[in-house]
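Dear colleague,

I am handing over the structure below, and my notes on it follow directly after. Please read them with the coordinates open beside you.

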Amino acid sequence: MAVQDYLRQRFFPHMWCPGCGHGTVLNSLLRAVEELGLDKNNIVMTSGIGCSARISGYVDFHSLHTLHGRALAFATGVKMSKPELTLLVPMGDGDALAIGGNHFIHAARRNIDITAIVMNNRIYGMTGGQFSPLSGCGIKATTAPYTTIDNNFDVVELATAAGATFVARTTTYHAKEATSLLKKAILHKGFSVVEILSQCPTHFGRKNKEGDAAQMMENYKNITAPVGSKALEENPALWGRGIFVERERPEYCTEYGKIVELAMKGAAK
Amino acid sequence: MERTTKFVQGNEACVEGALYAGVNFYAGYPITPSTEIAEALSGRLPEIGGKFIQMEDEIASMCAIIGASLTGHKVLTATSGPGFSLKQEAIGYACMAEIPCVIANVQRGGPSTGNPTHVGQGDINQARWGTHGDHAIIALTASNHQDVFAMTVEAFNMAETYRTPVVLLFDEVVGHMREKLVIPAPGEVEIVDRLRTSVPKGVDYRPYLPREDGRLPMSDFGDKHRYNVTGLYHDMWGFPSANPKIVNELLRHLVDKIENNVDSITRYKEYFLDDAQYILISYGSSARSAIHMAKNRREKNEKIGVLELQSIWPFPSELVREKCANAKAVVVVEMNMGQVLAQVKAAVDEPNKVFLANRIDGKLITPTDIKGLLRVIQGRGI
Amino acid sequence: MARQKLKELEINRDWCKGCGICVKFCPKQVLELDNKEKATVVRPEDCIVCKLCELRCPDLAITVLTTQEDDNGKND
């Protein structure tokens, strides 16, 4: 099947701005699904609110467009009740880590088999360019006219500390790498997090004079380096790219399956 | 299978009702005075192959049951005031996306933390208007354990029938009190199961297109039809729409499917109403005091009756108007500042003859409290 | 050894929003934006079918169709 076969093509062209990285994330994700040969009927995509969240309307899966920050909580109900489904949960940075921060760390702690994708454009795009918990210091935003003083979360460190068993980062510039990481994340049994730096030329780029979409993407090439590379070792200011964590821990639904087995045996006595 | 008799807390009666109705997914967060519901289901659900999950907060619990309902499960969460506040956003989502689910709110004192271990009935209006925007809701209540069981079963049935969230408005006294419960034999009480679409695979399925009888057949996530669910205004396929005609029809549908069925949804009990000159209207644990007081006064040949409401929303205005038409006075007995009182006043022909007997101090209103007020109304003095 | 050769570079003009990402990153300058601000193929003969334009396109508007070419330059 072609990538377009996974789309609800009647809604195209999509609603994202020209050059928005979120379209590339969709592109990379669909290629991952296609290359894995997953059955569309077996996939549920759950999203929250924001530019990122509109992704669920475009994919020809079971799609659940929920509330701001709550995508993982809804997804937990879907997955727990029907573990054979594949859960894809793309979220924006504010969605996943401000209003949805609690759900994010607890989904990671449970190690429930869900793939969380943080589409990190470091800004609230839908509401017009306010800073997010991933903006970091010294950023201009409509709610930070004098630049931000808020420190940012490091998604990789946060997810790792919270117990995610697969943690990776890439960018929209590295689209091939994104597909490869997403494939691994989807196949991983447990809570997987893939942070994808995704440009917002309309708000973040314009406010912070980062140029057009292509220039912002090129910047991703310059400010990142592969995990384990000499470049990253020598320059701690660079963002690491690739797989940070890949570990095995008991998965939540599997463990609950054991509880059910135990309880049913007890009830039969 | 036989009926079984148990001596249980009201919260356990709710659990038994939920299990009888077919609950197979529960998500919740500990909160007094509802926690026993979660505790009991954490043991009982896996015994029948169901799922229990303790979520990170009240919001997540509400979201998780909506997710599980979409895979075809019968779902429940339980909470109390502060948790009920937190759940409102997702309750609105369930209204908008028309997802069957049941929320038990074992009421305590409020606002805010109020008093977790003492009774209150202050969430009547929050059940109706807690979430923003125009919508309708079903809220049921009960004053004894047999009725807690029955109303819990009804809540699940109505959630499926109308594709809507249903709120069970219990209270701390009913939740924690122990009394006898007779669990009906399987099949004795009707259970409404999920209505699933008969549209075959590959044929256009419209999840928000009502049948002629108004019901909307569903399709489970993971099953043959892939559709969209959103909290945005949406068309009959579930995709976002801002088309004024579609939006107008959607909002009217959401309200009408419940408000127009008030007669089918209304549940109540009446005691000595036929010749009653004075009518007490009550619900939940307050109704126990009202019924007790009426029985006592009947022995003294006073013509007092009780209308016990078991469904609060949609409010049974017509029923109240009819029952109160010949009363000299109507006394609403409740443990709040007059939330049902306002509805009764709006419903009856002579609002000036409606009075409030209430307590809001965390103590159960007593027959003596009600009697005192009634004597004043009757011009007999306390 | 068979190798990939460009058969056609399809651009869905209805979906393309003219962001220029494909143009900027094409290693062989195969693409340009036309006067309607839509990506268009100007030097197909230079295409090395790296498919980076297709993979990065945020509008999912590009499809690179390939064909196999054997060592003798014949298409299969």
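**Interface of chain B and chain A**

Between chain B and chain A about 3,300 Å² is buried, 60% of it given by carbon and sulfur atoms; buried area here is the accessible area (1.4 Å probe) that two parts lose on being put together, summed over both. Please keep in mind that this is a predicted model, in which local features need pLDDT of at least 70 and side-chain atom pairs count only at pLDDT 80 or more, while totals for chains, interfaces and linings use all residues. Residues are numbered from 1 along each chain as its sequence is written, chains are lettered from A and ligands numbered from 1 in the order in which they are written, and side-chain values use heavy atoms, with hydrogens and water left out.

The contact (heavy atoms within 4.5 Å) takes 41 residues from chain B and 40 residues from chain A. Three salt bridges are found across this interface, a salt bridge being a side-chain nitrogen of Lys or Arg within 4 Å of a carboxyl oxygen of Asp or Glu; one of them joins the side chains of B:Arg226 and A:Asp60, at 3.0 Å from N to O.

On the side of chain B that touches chain A, the elements giving two or more residues are α2 (35–47), β3 (51–54), α3 (58–70), α4 (81–97) and β10 (228–230) of chain B, where helices (H or I, at least four residues) and strands (E, at least two) are DSSP runs numbered from the N terminus. The largest share of that side, eight residues, comes from α3(B).

**Cavities**

The structure holds four cavities of 30 Å³ or more, a cavity being a set of points, on a 1 Å grid over the protein atoms alone, where a 1.4 Å probe fits but cannot get out, and lining residues having an atom within 4 Å of a point. The largest cavity contains about 110 Å³ of space, and of the 14 residues that line it, C:Cys26, C:Cys47, C:Cys50, C:Lys51 and C:Cys53 are the closest to its centre. Its lining has 12 nonpolar, no polar and two charged residues.

The volume of the second largest cavity is about 80 Å³, a volume being the space filled by probe spheres set on the points, which are joined across faces, edges and corners. Among its 16 lining residues, C:Cys19, C:Cys22, C:Cys57, C:Pro58 and C:Ile62 are the closest to the centre.

With best regards

Note on methods:
On a 1 Å grid over the protein atoms alone, a cavity is a set of points where a 1.4 Å probe fits but cannot get out, and a pocket is an open set with protein on both sides within 12 Å along at least five of seven lines; lining residues have an atom within 4 Å of a point. Ala, Val, Leu, Ile, Met, Phe, Trp, Tyr, Cys and Pro count as nonpolar, Asp, Glu, Lys and Arg as charged, and the others, Gly among them, as polar.
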